[in-house]
Amino acid sequence: MIEEAVLQRVLGAALRTGGEFAEVFAEDRRSSSALLDDGRVEELTSGRDRGAGIRVVVGETTGFAHTADLTEAGLVAAAEAAAAAAKGGGGGTRTVALTRRATSRGYDIEAYPGDVAKARKVELLTRADDIARSSGSAISQVSVSYGDNRRRILVANSDGLLAEDDTVRTFFAVSCVATGDTGMQTGRESIGHTVGFELFDMYDVDELARRAAGRALTKLAARPAPSGQMPVVIASGGGGVLFHEACGHGLEADLVAKGASVFRDRVGQRVASPGVTVVDDGTMAKEWGNIAIDDEGNPAQRNVLIDDGVLTDYMWDQLRARKEGRRSSGNGRRQSYQHLPMVRMTNTYLLAGADDPDDIVASTERGVLVKHLGGGQVNTATGDFVFGMTEAYLIEDGEVTEPLREGNLIGNGPEVLQRIDALGNDFAMGPPGTCGKDGQGVPVGDGVPTLRVSSLTIGGTAA
Amino acid sequence: MTDELLELADRVVAMARPGEQVEAVVVRGTDTEIKVYGGQVESLSSAQSQGVGIRVVVDGRQGFAYAGSLDEVAITETLADARDNAGFATHDEHAGLAEPDGVPVQELDLHRDGLSTFGPDAKVALAIELERAVLGADPRISGIESAEYVDGVSEAAVATTTGIRSSGRETSCYVATYAMATEGGDTQTGFGFSVGREPAELDVARAAGEAAERATRMLGATQPPSGRLTVVLDPWVTAQFLGLLGYTLNGDAVQKGRSLFADRLGEAVASPLVTLVDDPTDTRAFTATDTDGEGLATRRNVLVADGVLERFVHNAYTARRAGTVSTGNAVRGFKSTPSVDCLFLSLAPGTADPAELVASIAEGVLVQEVSGLHSGVNPVSGDFSTGAEGLRIRGGELAEPVREFTIASTLQKMLHDVQAVGSDLQFLPMNAAGVTLVVGDVTVSGS
C-alpha cells in the first residue's frame with residue numbers, strides 16, 4: 001500500500017519533535033451492500049474508504065491525525081500534525097529500520113466478493129424474501145440485507161514493526177414482521193463470517209429465512225415476559241453477549257487502569273463459579289471477530305481470561321501493555337484509520353461444560369429459556385449490565401412452555417458469574433455482532449454452551 | 001469553502017447521461033477530540049475528512065456509491081459504481097430524487113468563526129478544567145472514566161439534475177465527562193456535558209457539577225423490589241424515549257407496515273398533555289439544520305397535538321409514495337442514500353418544574369439513566385424494557401438510590417400514561433430535547 005522507504009520517512013517526521021513512539025496505520029477498505037425491503041431490491045451500494053491514521057506518543061500523551069491522502073506529502077503532513085498534537089519537548093532525527101512481520105490467517109478466502117457477480121448477490125435477497133413470505137400468511141413484511149467488505153491494512157511503527165493484513169467479511173440478515181390480533185412482532189436472523197462468498201456454502205439461506213419468519217410468528221402468541229428474579233437458561237449458540245457484557249468489557253485493560261472496572265485488582269482471585277472458563281480468541285478461524293493481526297500489527301492470540309472460575313488476565317493493547325512493561329495480547333483494534341486503537345474484544349466465549357442441555361431445562365422448576373439474545377450494555381464501573389431477549393420461553397416444571405415478548409434482563413457481572421450453576425456440553429458460536437465502545441464499532445463474535453444462571457432479573461411486565 | 005463543494009457536486013451532476021437522474025452529496029469536516037486524564041492530555045486527535053456520495057436513478061431504479069475522498073479518480077469511479085448498481089434494483093415507480101418545492105430555506109446561524117480562532121491549547125485547558133472541576137466537586141469523587149472536549153466544523157453540499165442546489169456549514173462543540181464516586185467499596189458513575197456552537201457557549205462548571213452529583217447520589221444504591229410505580233424520567237432519558245418514538249412516526253416505517261401508528265392519523269394516541277413537534281429550524285437544537293439530506297428546506301412539523309396524531313414525517317420518496325409532499329426529513333451521511341427520520345423532536349413543556357413534579361408523587365422512581373435501549377425496546381411491536389438507575393421517590397421527596405432494575409411497559413401505553421410534562425426543556429447532544437416526564441403505571445422489575 002505504501003513503500004517502505006516512504007514509511008520510514010513518515011515515521012521520521014512523526015518523531016521529529018521528540019516522540020517516543022510513532023505509528024502509521026493505513027487502510028484500504030472496499031465494501032458493497034444490497035438491500036431488499038418491501039418486496040423490492042431497493043439499492044446496491046459500493047463504497048471505498050482509504051487513508052492513514054498516524055499517532056505519536058510522548059509520555060502519557062498521544063497525538064493523532066488522519067488523512068485520506070496516501071501520497072508521501074499527505075502522510076508527512078499528517079505525521080507533523082500528530083507530532084504537534086503530542087508536543088514532545090526534544091528534537092532531533094531518529095531513523096527507524098522496519099522489519100516485515102509475517103502474518104497468516106491459516107486459511108484462504110475461496111471467493112472474493114468483488115469477483116462475484118452482483119446478480120448472484122441480488123438473487124440471494126429475492127430468494128430469502130420468497131422463503132420468508134411463504135413461511136406463514138401472517139408474515140407482513142420482510143427485509144433482507146447482504147454486505148461484504150475487504151479491508152487491507154498496513155501497520156508500521158517506530159519499534160521497527162511492519163505488518164500487513166487482508167481481511168474479507170461477508171454478512172447476510174433476514175428481518176421479518178408478523179402481524180396478528182396482538183399487533184406486530186419481529187424476527188431476525190443473521191450470519192457473518194470472516195470469509196468470502198463461500199459463506200453461502202456454509203449456510204442455507206432458505207433455512208435462515210424460515211428461522212427469522214418463525215421467530216416473528218412464534219412471538220405473535222407470546223405473553224408478556226415476567227417481572228422479577230428467576231433462573232435463566234441461555235441456549236447454546238443463542239449468543240454469548242451475556243459474557244461480553246458481564247465480564248468482557250470489565251476485563252479491558254484501559255478501563256481497568258482507570259479504576260473503571262469492578263474487576264480491577266482481582267487477577268488470581270475467584271470471580272466465577274468453578275468450571276467457568278472465558279476466552280477471548282482472535283485466532284478463531286473464520287469467526288466474525290477473527291483477525292490475523294490486530295490494528296496495531298500484533299498477532300491475534302487466544303487469551304484465557306477466566307480459567308475454571310479464576311481471573312487470569314485482562315485484555316491489552318500496545319499502549320497499555322507498554323506502560324505495564326508487558327506484551328500486547330493482540331486486542332488493539334479500531335473502527336477505521338480515522339480512529340485511535342483501544343482495547344477491544346475479538347471472539348469471546350465460554351467453554352462447554354459436562355451437563356446435558358436437556359437436563360438443564362428439565363431441572364429448572366420455573367424460569368426463562370432465552371434461545372436468542374439481542375444486544376446488551378454494561379456499566380463497567382458498577383458491573384451492572386443488561387442484555388435483550390429476542391426469542392425466549394417460559395420454563396414451567398422443567399418444561400419449555402409459552403413464548404415470551406421481548407425485553408431486557410439485568411444483572412451485575414461479578415454476581416452473575418458466581419451464579420452459573422449449570423454448563424452444557426453443546427458449545428456453539430452465536431450470530432455476528434458489532435461491539436460499540438467510545439463511539440467505535442468493531443466486528444466481534446461470541447459463543448456459549450447451554451448454561452443456567454440461578455437468578456437474574458427479568459424486565460417484563462407480568463407478575 | 002462551501003462554494004467549492006457545491007461546484008464539485010455540480011461537476012458530478014453535469015456528468016449525468018440522458019435519462020439519468022444524478023445526485024451528488026459532498027461533505028468535508030474538521031474534527032478535534034481531546035481526552036485528558038490525570039491533568040494531562042491523554043490523546044489529541046485532529047483531522048480533516050471528506051467524502052462524496054452519488055445516487056443515480058434511471059428508469060425507476062436506484063443505485064448508490066460513495067468514496068471517502070474527493071479526488072477526481074475516486075469521483076469518476078464512484079459515479080460508475082452507482083450507475084452500475086442501479087441496474088440491479090427493482091423498478092419502482094416512486095423512485096427518484098427530490099425536486100425543488102418552493103419552500104424557502106431559512107438561513108440559520110449555525111456557524112461560528114469563534115471555533116476556528118479558539119486554539120488547541122485553549123481547548124486542552126477546557127478539558128483539563130473539566131477534569132479538575134469534577135475531581136474537586138465532592139470528596140467522594142474517586143476519579144474520572146473520561147473527560148473530553150470535542151468539536152467539529154462541517155460543510156456539505158447537495159446538487160441534483162432535478163434542480164436542487166444547496167449547501168451549508170456549521171460548527172459544534174461539547175465537553176463531556178464520566179465521573180466515578182466511591183464510598184466504602186461501592187463505586188457509582190455519573191455523566192455530565194455541555195454543548196454549544198463555539199467554546200464560549202460551554203458551561204464546564206455545570207457539566208462537572210452534574211456528573212459529580214449524578215455519581216455521588218447513586219452511592220449505596222440497592223436493587224428495589226418489583227412493583228408498578230409512577231416513574232419520573234430525567235430529561236436525558238425522555239430525550240432517548242422520544243428518539244424511539246420518532247421511528248414510529250417516519251413515513252418509511254408507516255408505508256412498510258412497521259409502525260404502530262400507521263392507521264392512527266387523527267386519533268388520540270397519547271395523553272392530552274402530549275404535543276410533539278419536530279423542528280430542526282430551532283437553532284438551540286444540537287441537530288438544527290436549514291436543509292435536509294436531499295437539500296430541501298427543513299420545517300417545523302407538529303406530529304402529535306394535544307395527544308392526537310397529526311402527521312408523519314417524509315423524505316421525497318416516501319412523500320411521493322404517500323401522495324403528499326416531503327416534510328424535509330431526509331436523513332443521511334455521504335455513505336448512504338437518504339432515509340427518513342425526525343430531526344429535532346421536542347415535547348411542548350408544561351408549567352411545573354422537576355421539584356414540583358416530584359413533590360406531587362407519593363410512591364415512584366426518578367430514572368436518571370437507562371441502558372439497553374437498543375436491546376430491550378422494539379419500536380415495531382412497542383415492547384419497552386430497559387435497564388435503569390435512579391432515586392426512589394417517597395412522600396413527594398427524593399429518597400434512597402436504586403440500581404439494577406428495569407422499567408417496562410409498551411410505547412403505546414406509556415404515551416397514554418403520561419401524567420405531566422415538566423417546564424425544564426433542555427438541549428442535549430442528540431436529535432431530541434430533554435424535559436422531565438412523569439409516566440404512570442410502569443413495571444419496575446428488581447428483587
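The exercises below, each with a worked solution, concern a predicted model and treat its chain interface, salt bridges, pocket and cavity in turn.

**Exercise 1. The interface**

Describe the contact between chain A and chain B, and state which three residues of chain A supply 12% of the area that this chain buries.

*Solution.* Begin with the residues in contact, which number 72 in chain A and 72 in chain B. Next take the area: about 5600 Å² is buried between chain A and chain B, and 43% of it lies on carbon and sulfur atoms. A:Lys258 takes part in a salt bridge with B:Glu42, at 3.2 Å from N to O.

**Exercise 2. Two salt bridges within chain A**

Compare the sequence separation and the accessibility of the partners in the pairs A:Asp129 with A:Arg133 and A:Asp159 with A:Arg322.

*Solution.* In the pair of A:Asp129 and A:Arg133 the closest N and O atoms are 3.0 Å apart. Both residues lie in helix α3 (residues 118-133) of chain A, with a separation of four residues, or about one turn of the helix. A:Asp129 is buried at 5% relative accessibility, while A:Arg133 is partly exposed at 30%.

In the pair of A:Asp159 and A:Arg322 the closest N and O atoms are 3.1 Å apart. This bridge links distant parts of the chain, since A:Asp159 sits in the loop between β5 (139-157) and β6 (161-180) and A:Arg322 in helix α8 (residues 318-324), 163 residues apart. A:Asp159 is partly exposed at 47%, and A:Arg322 is likewise partly exposed at 37%.

**Exercise 3. The second largest pocket**

Give the volume of the second largest pocket and work out which elements and kinds of residue line it.

*Solution.* The volume is about 570 Å³. Its lining comprises 30 residues, and those nearest the centre are B:Thr30, B:Thr32, B:Ser46, B:Pro120 and B:Lys123. Elements that give two or more residues to this lining include α2 (72-86) of chain A and, from chain B, β1 (20-37) and α4 (120-135). By kind, the lining holds 12 nonpolar, nine polar and nine charged residues.

**Exercise 4. The largest cavity**

State how many cavities of 30 Å³ or more the structure holds, and describe the lining of the largest cavity.

*Solution.* There are five such cavities, and the largest cavity has a volume of about 60 Å³. Residues that line the largest cavity include A:Ser32, A:Leu44, A:Lys118, A:Tyr146 and B:Asn85. At least two lining residues come from each of β1, β2 (40-58) and α3 of chain A. The lining of the largest cavity divides into three nonpolar, five polar and two charged residues.

Terms used: Residues numbered from 1 in each chain as written. Chains lettered and ligands numbered in written order. Predicted model: local features only at pLDDT ≥ 70, side-chain atom pairs only at ≥ 80, totals over all residues. Heavy atoms only, no water. 1 Å grid on protein atoms, 1.4 Å probe; cavity = no way out; pocket = protein on both sides within 12 Å on 5 of 7 lines; lining within 4 Å. Points joined across faces, edges and corners; volume = space filled by probe spheres on them. Nonpolar A, V, L, I, M, F, W, Y, C, P; charged D, E, K, R; others polar. Salt bridge = Lys/Arg side-chain N within 4 Å of Asp/Glu carboxyl O. Buried < 20%, exposed > 50% of the residue type's maximum accessible area, 1.4 Å probe, protein only. Contact = heavy atoms within 4.5 Å. Buried area = accessible area lost by both parts, 1.4 Å probe.
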